[in-house]
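Colleague: I have a few questions about this fold. Can you take me through it?

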Amino acid sequence: MDKVQELKSEGHSCLVFTQFRTVLDLIETQFDDLDMSFFRLDGTTPVKKRRDIINAFQEGEEPAVFMISLKAGGLGLNLTKASYVFLLDPWWNPAVENQATDRAHRIGQTQKVFVSRLIMHHTVEEKMMTLKEKKSHLFDKVMAYGLKQYQNLKLTKEDFDFLLDPKGE
């Protein structure tokens, strides 16, 4: 909340993504307590109202905050007013996260876009991010050197043990 307030006071608009509507509800309550305006789009937003919300965000004079559930983003959503993107909970599929951040990286974007992923320590999400990074490095090696050297590209028992280990080791 502090970072969003700071950015907004500096003239920046932000996108805040989460995969959970209940998280949007909690954030909305905090914005209301701070008397901070925002836009919201989730799976319950009627299709006819979506375009109005998007246009109000994009065309507004003031810096704005747009809260969006990852699944409700839809195709072709262009939010180039935003220069900051916050992902509040990581998705296990990096393509979904990339699609979310791509909302601000569109033709017509004139600003640098900064993306922040907020991850709690000692959670399965933190472990998943570590595992995604390891698998990403493996993918890079396969692309650089070919598949023949890397026959075992599946999630292993060790990968699952790592994810489920309560000690975080």
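Colleague: Which residue in strand 3 stands opposite Leu-15?
Modeller: This is a predicted model. Strand 1 (residues 13-18) and strand 3 (residues 65-69) run parallel and are joined by 5 bridges. In strand 3, the residue opposite Leu-15 is Phe-66.

Colleague: In what order do the 5 strands lie in the open sheet?
Modeller: Pairing in this sheet is parallel. Strand 2 and strand 5 (114-117) each have a single partner strand, so they stand at the edges, with one side of each left without a neighbour in the sheet. Neighbouring strands are turned by 15° against each other on average, direction ignored. The order is 2-3-1-4-5.

Colleague: What angle does the direction of helix 3 make with that of strand 2?
Modeller: Helix 3 (residues 47-59) packs on the sheet. Strand 1, strand 2, strand 3 and strand 4 (82-87) are touched by helix 3. Its direction and that of strand 2 make about 145°.

Colleague: And helix 4, at what angle does it run to strand 4?
Modeller: Helix 4 covers residues 94-102. It lies across strand 1, strand 4 and strand 5. To strand 4, helix 4 runs at about 155°.

Colleague: Is Arg-40 buried or exposed?
Modeller: Arg-40 is found in strand 2 (residues 39-41). Its relative accessible area is 15%. The cut-off for buried is under 20%. Because 15% falls under that cut-off, Arg-40 is buried.

Colleague: Which side chains make polar contacts with the side chain of Arg-40?
Modeller: Leaving aside neighbours within four places in sequence, Arg-40 is in contact with Arg-21, Leu-24, Asp-25, Glu-28, Thr-45, Ile-53, Phe-66 and Met-67. A side-chain polar contact of 2.8 Å joins Arg-40 to Asp-25. Another polar contact, of 2.6 Å, links the side chain of Arg-40 to that of Glu-28. The side chains are those of Asp-25 and Glu-28.

Colleague: How far apart in space are Gln-19 and Pro-90, C-alpha to C-alpha?
Modeller: Gln-19 is found in the loop between strand 1 and helix 2 (21-33). Not counting residues up to four places away in sequence, Gln-19 touches Leu-70, Asp-89, Pro-90 and Trp-91. Gln-19 and Pro-90 are 71 residues apart in sequence. In space, C-alpha to C-alpha, the distance is 8.3 Å.

Colleague: How does Gln-19 count by relative accessibility?
Modeller: Its relative accessibility is 25%. Buried means under 20%, and exposed means over 50%. Because 25% lies in between, Gln-19 counts as partly exposed.

Colleague: What is phi of Asp-35?
Modeller: Asp-35 is found in the loop between helix 2 and strand 2. Asp-35 is exposed, with a relative accessible area of 71%. Phi is positive here, in a residue other than glycine. The value is near 55°.

Colleague: And what is phi of His-122?
Modeller: His-122 is found in the loop between strand 5 and helix 5 (124-145). At 75% relative accessibility, His-122 counts as exposed. Its phi is a positive value in a residue other than glycine. Phi of His-122 is near 60°.

Colleague: What share of the 169 residues in the protein chain is buried?
Modeller: The protein chain has 6 helices and 5 strands. From the N terminus on, its elements run α-β-α-β-α-β-β-α-β-α-α. The chain exposes about 10900 Å², with carbon and sulfur atoms supplying 55% of it. The buried share of the residues is 37%.

Note on methods. Residues numbered from 1 in each chain as written. Predicted model: local features only at pLDDT ≥ 70, side-chain atom pairs only at ≥ 80, totals over all residues. Heavy atoms only, no water. Helix = DSSP H or I, 4+ residues; strand = E, 2+ residues; numbered from the N terminus. Buried < 20%, exposed > 50% of the residue type's maximum accessible area, 1.4 Å probe, protein only. Polar contact = N/O pair within 3.5 Å; in protein donor to acceptor, adjacent residues only side chain to side chain. Contact = heavy atoms within 4.5 Å. Pairing = 2+ DSSP bridges. Axes fitted to C-alpha atoms, helices over the stretch in contact; angles between N-to-C directions. Areas by Shrake-Rupley, 256 points an atom, 1.4 Å probe, with all protein chains shown as cover.
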